[in-house]
Amino acid sequence: RSIETAAMPADGRHGGVHEAPVVRPSEAEFANPWRFLATIRPLVHRYGLVRVVPPPTWRCTPAYPLRSLRVALDPQRTDELLDRDRERMRFISELRDFLDARGAPLTRVPVVGGRDLDLHRLLLAVRSLGGYNRVASGKRWPEVVQLLGLSTSHSSYALKQHYTKILLAYEQSVEAT
């Protein structure tokens, strides 16, 4: 078998970390891939990662009959993901500008239930339930908690406080325009 290792560029960006070794076993060594992997275990422990390039004649034998294997694919529309990111970035920019103009800049992201609060998702969740007035008067904050996937018992109160302090005036100004 041959083992290749190479140092990362000496420009200091990688802190002297080496690339993972590349191992090219012979056909005889790779006749039983699991046994071969056991023989290179010390190399894996030393480097943390080893790239194994099987012999060119090796063919993977599937553990399951491929003809009976059915996988349901759920295609993702990456253009929609990008649109959501653009919308979120536009919202954050507008919110920061709005808060700065009011003299109350957003200095840090609020934390609810041990996680950073996604203010954009919070705004969308409240809007989906009819806006702040309907959520507050109908005591629907627990529904907002569920929509955001939060689980702590104090999340309803915390969301209401953060919404009132950060998003309420923004929501009202957007509705007024």
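**Figure 1. Overview of the protein chain.** Of the 177 residues in the protein chain, 25% are buried. The model shown here is predicted. The protein chain holds seven helices and five strands. Read from the N terminus, the elements follow the order β-β-α-α-β-α-β-β-α-α-α-α. Among the contacts in the protein chain with a separation of 6 or more, 54% join residues 24 or more positions apart.

**Figure 2. Close-up of the crossing between helices H4 and H6.** Helix H4 spans residues 119–128 and helix H6 spans residues 141–148. The axes of H4 and H6 come within 10 Å and cross at roughly 130°. Angles from 65 to 115 degrees count as roughly perpendicular and those over 145 as roughly antiparallel; H4 and H6 are therefore oblique to each other. The crossing of these two helices, H4 and H6, is right-handed. On the H4 side, the contact is formed by Arg121, Leu122, Ala125, Val126 and Ser128, which meet Trp141, Val144, Leu147 and Leu148 of H6. Sorted by class, the residues in the contact of H4 with H6 are seven nonpolar, one polar and one charged.

**Figure 3. Close-up of the packing of helix H6 on helix H7.** The axes of H6 and H7 lie 8 Å apart, and the two helices pack at an angle of about 95°. H6 and H7 are therefore roughly perpendicular to each other. From H6, the residues Trp141, Pro142, Val144, Val145 and Leu148 meet Ser155, Ser156, Leu159, Lys160 and Tyr163 of H7. The contact of H6 with H7 comprises seven nonpolar, two polar and one charged residues.

**Figure 4. Close-up of the contact between helices H4 and H7.** The axes of H4 and H7 come within 11 Å, crossing at roughly 75°. H4 and H7 are therefore roughly perpendicular to each other. H4 contributes Leu119, Leu122, Leu123, Val126 and Arg127 to the contact, and H7 contributes Leu159, Tyr163, Ile166, Leu167, Tyr170, Glu171 and Val174. By class, ten nonpolar and two charged residues take part in the contact of H4 with H7, with no polar residues.

Figure 5. Helix H7 covers residues 155–176 and has a kink of about 55° centred on Leu167. Leu167 is one of the buried residues of H7.

Figure 6. Lys139 lies in the loop between helix H5 (132–137) and H6. Although Lys139 is not a glycine, this residue has a positive phi of about 50°. The relative accessibility of Lys139 is 68%, and Lys139 therefore counts as exposed, the cut-off for exposed being over 50%.

Figure 7. Pro56 is placed in the loop between strand E3 (51–52) and helix H3 (78–101). With a relative accessibility of 72%, Pro56 counts as exposed. Pro56 and Glu27 are 29 residues apart along the chain, and their C-alpha atoms are separated by 8.6 Å.

Key:
Residues are numbered from 1 along each chain as its sequence is written. This is a predicted model: local features need pLDDT of at least 70, side-chain atom pairs count only at pLDDT 80 or more; totals for chains, interfaces and linings use all residues. Side-chain values use heavy atoms; hydrogens and water are left out. The bend at a residue is the angle between axes fitted to the seven residues ending there and the seven starting there. Helices (H or I, at least four residues) and strands (E, at least two) are DSSP runs, numbered from the N terminus. Buried means under 20% relative accessible area, exposed over 50%, partly exposed in between (1.4 Å probe, protein chains only). Axes are lines fitted to C-alpha atoms, for helices over the stretch in contact, and angles run from 0 to 180 degrees between N-to-C directions. Angles under 35 degrees count as roughly parallel, over 145 as roughly antiparallel, 65 to 115 as roughly perpendicular and the rest as oblique. A crossing is left-handed if the near helix is turned anticlockwise from the far one by less than a right angle, and right-handed if clockwise. Contact means heavy atoms within 4.5 Å. Ala, Val, Leu, Ile, Met, Phe, Trp, Tyr, Cys and Pro count as nonpolar, Asp, Glu, Lys and Arg as charged, and the others, Gly among them, as polar.
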